[in-house]
Amino acid sequence: MRIIAGEFGSRRIEAPAGMSTRPTLDKVREAVFSALGGSFEGGDMLDLYAGSGANGLEALSRGMDHAVFVDNDRRAVSAIKKNIAALNVKNRTEILSCTDLKALSILKEEGRKFALIYMDPPYAKQKNNEILSLISEYGLLETGGTAVIESLKEDEFHDEFEHLQFEKDRVYGISRITYYRGK
């Protein structure tokens, strides 16, 4: 795996050992970040179900100020820590080693808001509608911010949540990438 573009473009990163994570393919990540505009002018990013941290690290490489990585798998957290150290971005990152629901609750209590939220849950354990509802209810996505969900191509989501508006979706092989805009 590698960072595709920006400050850390072409730098290699580690994937977690074992089969519990499924890293986003480089070509899918490249397509997603191109659809998001290619680069950012600051902001905070939430990498939910972070795995290796590739999506959050890509966002940092392309101009995000800060990334919060969430994963409850110890091998994933270990890989994220190694990748953060290798890119020397510890001061721009935070890791929450807990479940998705616990992390969202913590972030709500802290009053956090994100310009970008990337969700890439294990395909077999997805509860995307529940998580999107909580992101909306907790006000975690900035107005005008983007939430991106990577899922199986067969998956469909509600078009709208109270503070999230469906924008578009695209299919890449077995994956569907769905975009919501904060309102």
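Let's start with one contact. K183 and E160 meet through their side chains in a salt bridge, 2.2 Å from N to O. A salt bridge here means a side-chain nitrogen of Lys or Arg within 4 Å of a carboxyl oxygen of Asp or Glu. The two residues sit 23 residues apart, with K183 in the segment after strand 8 and E160 in strand 6. Strands are DSSP runs of E with at least two residues, helices are runs of H or I with at least four, and both are numbered from the N terminus.

A word on the source. This is a predicted model: local features need pLDDT of at least 70, side-chain atom pairs count only at pLDDT 80 or more, and totals for chains, interfaces and linings use all residues. Residues are numbered from 1 along each chain as its sequence is written, and side-chain values use heavy atoms, with hydrogens and water left out.

The cut-offs: buried is under 20% relative accessible area, exposed is over 50%, and partly exposed is in between, with a 1.4 Å probe and protein chains only.

Now the other salt bridges. How many does the structure hold? There are 11. One of them joins E156 to R176, with the closest N and O atoms 3.9 Å apart. E156 lies in the loop between strand 5 (141–152) and strand 6 (160–161), and R176 lies in strand 8 (175–182), so this pair ties together parts 20 residues apart in sequence. E156 is exposed, at 60%. R176 is buried, at 12%. R176 also forms a salt bridge with D169, at 2.6 Å from N to O. D169 is partly exposed, at 27%.

Eight strands form an open sheet with mixed pairing, in the order 3-2-1-4-5-8-7-6. Two strands pair if DSSP finds at least two bridges between them. Which strands are at the edges? Strand 3 (93–96) and strand 6, and each pairs on one side only. Further in the order, strand 4 (114–119) and strand 5 run parallel, joined by five bridges. L116 has T146 in strand 5 as its bridge partner.

Helix 2 (54–61) touches strand 1 (44–48), strand 2 (66–70), strand 3 and strand 4, and its direction makes about 165° with that of strand 1. Contact means heavy atoms within 4.5 Å. Helix 4 (100–109) lies across strands 1, 2, 3 and 4, at about 160° to strand 1. Axes are lines fitted to C-alpha atoms, for helices over the stretch in contact, and angles run from 0 to 180 degrees between N-to-C directions.

Last, the rings. The structure holds three aromatic pairs. Rings of Phe, Tyr and Trp (its six-membered ring) pair if their centres lie within 6.5 Å; planes under 30 degrees apart are stacked, over 60 edge-to-face, and the rest tilted. Why is the pair of F166 and Y180 called edge-to-face? The centres are 5.9 Å apart and the planes stand at 80°, so edge-to-face is the label. F166 is in strand 7 (164–172) and Y180 in strand 8, so the pair ties together parts 14 residues apart in sequence. F166 is partly exposed, at 26%. Y180 is buried, at 0%.
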